[in-house]
Amino acid sequence: MSKENALDFLKQATDNSTLSEQVKEADETTKIVDLAKQHGFEFSEDDMKNAIPAIKEQAGFFGELAKAVLELFAPARDDYPATGVQPFTGELGRKH
């Protein structure tokens with residue numbers, strides 16, 4: 001298992017439109033790993049996460065497929081958590 005297997009799987013998916021659509025439609029990281037196993041590629045979710053820097057470097061080659069995979073494996077883009085401290089949006093009062 002390795003990040004090279006993950007990259008090889010994605011390269012194969014770019015050449016196969018059916019496989020490419022299945023990868024894009026995956027809504028969980030485990031579904032991509034399971035789909036890869038069905039096509040003879042063995043790698044873990046961690047291997048795919050380790051391959052993300054290489055995917056970003058080749059984004060022009062992978063195109064939309066890379067975007068779909070990065071959405072699943074990359075950390076959330078939220079600036080703030082759903083709960084907890086939020087940024088101040090009011091006006092500051094003057095002390096007398």
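A word on provenance before the details. This is a predicted model, in which local features need pLDDT of at least 70 and side-chain atom pairs count only at pLDDT 80 or more, whereas totals for chains, interfaces and linings use all residues. Residues are numbered from 1 along each chain as its sequence is written, and side-chain values use heavy atoms, with hydrogens and water left out.

On confidence, then: pLDDT is the predictor's confidence in each residue, on a scale from 0 to 100, and the protein chain averages 78, with 76% of the residues scoring at least 70. The lowest confidence in the chain falls in helix α5, residues 59-62, at a mean of 60, and the highest in α3, at 90. Where pLDDT is low, the predicted coordinates should not be read in detail.

Turning to the chain as a whole, I call a residue buried under 20% relative accessible area, exposed over 50% and partly exposed in between, using a 1.4 Å probe and protein chains only. Of the 96 residues, 31% count as buried. Contact means heavy atoms within 4.5 Å, and of the contacts with a separation of 6 or more, 62% are accounted for by residues 24 or more positions apart.

Let me go next to the aromatic residues. Rings of Phe, Tyr and Trp, the last by its six-membered ring, pair if their centres lie within 6.5 Å, and planes under 30 degrees apart count as stacked, over 60 as edge-to-face and the rest as tilted. By this rule the count comes to 2 aromatic pairs. In one of them, F9 and F43, the ring centres are 6.0 Å apart and the planes stand at 45°, so the pair is tilted. Because F9 lies in helix α1, residues 3-15, and F43 in the loop between α3 and α4, this pair ties together parts that are 34 residues apart in sequence. Both partners are buried, F9 at 0% relative accessibility and F43 at 1%. Together with F41, F9 and F43 form one aromatic cluster.

What does A36 touch, once residues up to four places away in sequence are not counted? A36 touches F9, F41 and F43. This alanine lies in helix α3 and is buried, with a relative accessible area of 0%. From the C-alpha of A36 to that of Q12 the separation is 10.0 Å, for two residues 24 apart in sequence. F43, for its part, has its C-alpha 6.8 Å from that of V33, which is 10 residues away along the chain.

The expected span of a helix is 1.5 Å times one less than its number of residues, so the 13 residues of α4, residues 45-57, should span 18 Å, and the end C-alpha atoms, 19 Å apart, agree with that. The bend at a residue is the angle between axes fitted to the seven residues ending there and the seven starting there, and α4 has a kink of about 40° at A51, shortly before the proline P53. Buried residues in this helix include D47, M48, A51, I52, A54 and I55.

T29 lies in helix α3, residues 29-38, and counts as buried at 16% relative accessibility. Leaving aside neighbours within four places in sequence, T29 is in contact with E45, L72 and F73.

Finally, L70, in helix α6, residues 64-73, counts as buried at 18% relative accessibility. Beyond its neighbours within four places in sequence, L70 is in contact with I52, I55 and K56. The C-alpha atoms of L70 and I55 are 8.2 Å apart in space, and the two residues are 15 apart in sequence.

Methods. Helices (H or I, at least four residues) and strands (E, at least two) are DSSP runs, numbered from the N terminus.
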